[in-house]
Amino acid sequence: MSKALDAAALRLQFPILNREVNGKPLVYLDHAASSQKPIAVIEAQREYLMHYHANVHRGVHALSQQATDAFENARTIVQHHIGAEESCETIWTGGATDAINLVAQSWGRAHIGAGDTILITKMEHHANIVPWQMLAEEVGAHVEAVEVLENGALDEEDLAAKLAKGPRLFAFVHVSNTLGTVNDAKALTEQAHAAGATVLIDGCQAVPHMDVDVQDVGCDFYIFSGHKVYGPTGIGVLYGKRMLLEAMRPWRGGGEMIDAVSIENGTTYAGLPHKFEAGTPHISGAIALGVALNWLKGLGAGAVMDHEMMLAAQARKGLSSIEGMRFIGTTSEAAGVVSFVIEGTHPYDIGTLLDSQGVAVRTGHHCTQPLMERYGIPGTVRASFGVYNTLQEVDTFVAATVKAVRMLRG
Amino acid sequence: MSELLQQRQEEIAEEFEFFEDWMERYEHIIELGKELDPIAEADKLDEHLIRGCQSRVWLLAAKDGDGNVQFRADSDAIITKGLAALMVRALSGLPPAVIVQGDLWFIEKIGLDAHLSPTRANGLRSMVQQMKHYGIAFQAQG
């Protein structure tokens with residue numbers, strides 16, 4: 001058992017949580033869409049901009065060297081955080097979406113051709129669907145999706161059948177943003193590799209909540225975004241096995257990613273990781289993401305998970321008393337997500353009435369329309385928890401939901 | 001006829017005057033939503049759907065014998081339906097020209113202007129635009 005989190009004390013590190021919304025203290029339960037930032041992360045960005053902002057990798061002057069050191073140090077932090085073998089296997093991207101598009105357009109164009117299959121699942125975020133559909137359209141491949149069971153787990157039988165058809169790639173979500181389902185990344189990777197597929201994992205909702213070790217999982221690509229893990233927006237990470245990354249062509253051309261440029265003789269590219277980082281990167285974002293990951297590690301991944309599971313369990317218990325309550329995704333509470341619909345009410349109405357009581361939740365399809373279609377619902381109300389949420393906030397949320405339902409049914 | 005629009009807006013503004021917080025306002029909007037006659041299922045066609053809302057909103061318009069525009073609206077979310085009810089109450093039965101030119105000041109007056117931002121998912125903005133479009137179309141018919 002890890003040492004329990006003291007959420008009440010942790011909250012003091014999040015200035016935004018002091019504010020009021022509609023005259024009520026803010027209860028922020030939209031962590032899965034974006035997490036709030038601790039003061040350490042805010043200060044890291046400020047410190048950089050106040051004291052050592054300069055462009056990286058090219059200046060001989062002190063500021064540029066200091067910025068470059070901090071930027072590359074952050075890369076090493078990411079490497080250790082996700083257990084990559086080498087720091088050059090972690091590429092900075094504009095976000096998780098950007099990272100998936102990079103793989104689709106670089107690795108995908110080289111390895112997926114006419115008649116090939118790209119396998120995804122029905123619980124993917126649109127960011128892990130649309131880039132593959134665009135690629136498939138361009139090269140004449142097609143996209144198939146593994147079915148999801150009623151409880152929100154992947155349909156193992158369907159997976160086995162679809163893997164047996166020999167897809168080139170299996171791209172799946174580690175933790176579902178809508179259902180909270182935690183997929184067994186390692187087992188799925190082994191299964192996919194045995195079928196000859198390359199594996200890409202969308203880890204956006206995993207990295208904020210649990211320890212991830214990409215070498216243990218064995219996947220070929222792993223991606224996550226900064227802003228869902230207490231870091232800034234506009235920065236994300238692509239992990240790829242060195243062998244694969246080295247063989248891949250750059251996706252975007254420009255400065256920073258070159259070895260030598262000549263009009264007559266053409267251009268040669270820089271080595272890893274820079275060949276995938278054209279243009280001036282989001283330097284302060286990368287540095288602050290490193291700070292965020294260290295900050296999170298300091299809390300202990302076990303403690304984070306225990307805390308969020310406790311909050312989710314309490315929320316489910318409280319919400320269960322509401323007549324007509326239907327939870328969407330009931331396999332696991334590990335990811336700290338509670339997604340639901342209530343008979344006779346629209347998620348939008350519930351979300352609006354919660355907002356006017358100071359409670360921020362997400363309503364709608366959560367960028368997972370195929371999943372909504374699978375359950376035959378227009379959307380859900382989703383409460384998602386972070387380290388700074390307290391049991392008291394969960395109680396406020398449950399009471400506010402009860403009140404909303406009473407008003408709507410009135 | 002624009003006096004009628006003026007009068008209706010004053011009525012609505014008066015009605016909302018004494019609500020102290022958003023929960024009270026929403027309670028009233030929900031009531032208005034419940035009181036609005038639903039559109040028959042057969043009329044809930046995709047061509048009557050307004051885009052840009054998290055909930056589905058249907059808006060129908062027809063010209064009556066006096067040349068005025070009669071609106072009907074419905075939504076699967078009750079707060080959105082309440083907003084639709086307010087719009088119908090303000091604009092239905094008015095001549096196309098008044099609908100097109102009318103300044104809908106009551107929206108700001110009752111604090112719903114924040115709901116008019118294009119990023120809001122409730123569709124109030126789309127509703128207003130669509131009603132004005134109907135006005136323009138009927139005006140063109142003469």
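I started with burial in chain B of this predicted model: 38% of its 142 residues count as buried (20 or more other C-beta atoms within 10 Å of a residue's own, with C-beta atoms placed from the backbone; 12 or fewer would be exposed, in between partly exposed).

Bookkeeping: I number residues from 1 along each chain as its sequence is written, and letter chains from A and number ligands from 1 in the order in which they are written. Local features need pLDDT of at least 70 and side-chain atom pairs count only at pLDDT 80 or more, while totals for chains, interfaces and linings use all residues.

Next, the fold. I found six helices and three strands in chain B, taken as DSSP runs numbered from the N terminus (H or I, at least four residues, for helices; E, at least two, for strands). Their order from the N terminus is α-α-β-β-β-α-α-α-α. The radius of gyration, over C-alpha atoms, is 14 Å, close to the 14 Å from the globule rule (2.2 Å times the number of residues to the power 0.38), so chain B is as compact as a globular protein of 142 residues.

I also boxed the C-alpha atoms of chain B along the principal axes and got roughly 45 × 35 × 25 Å.

Then contacts (C-beta atoms, placed from the backbone, within 7 Å). Within chain B, of those between residues at least 6 apart in sequence, 65% join residues at least 24 apart.

Last, the interface: I see 15 residues from chain A and 14 from chain B. On the chain B side, α2 (22-35) and α3 (78-91) each give two or more residues, and α2(B) has the largest share, with five.

Conventions: Two residues are in contact if their C-beta atoms, placed from the backbone, lie within 7 Å.
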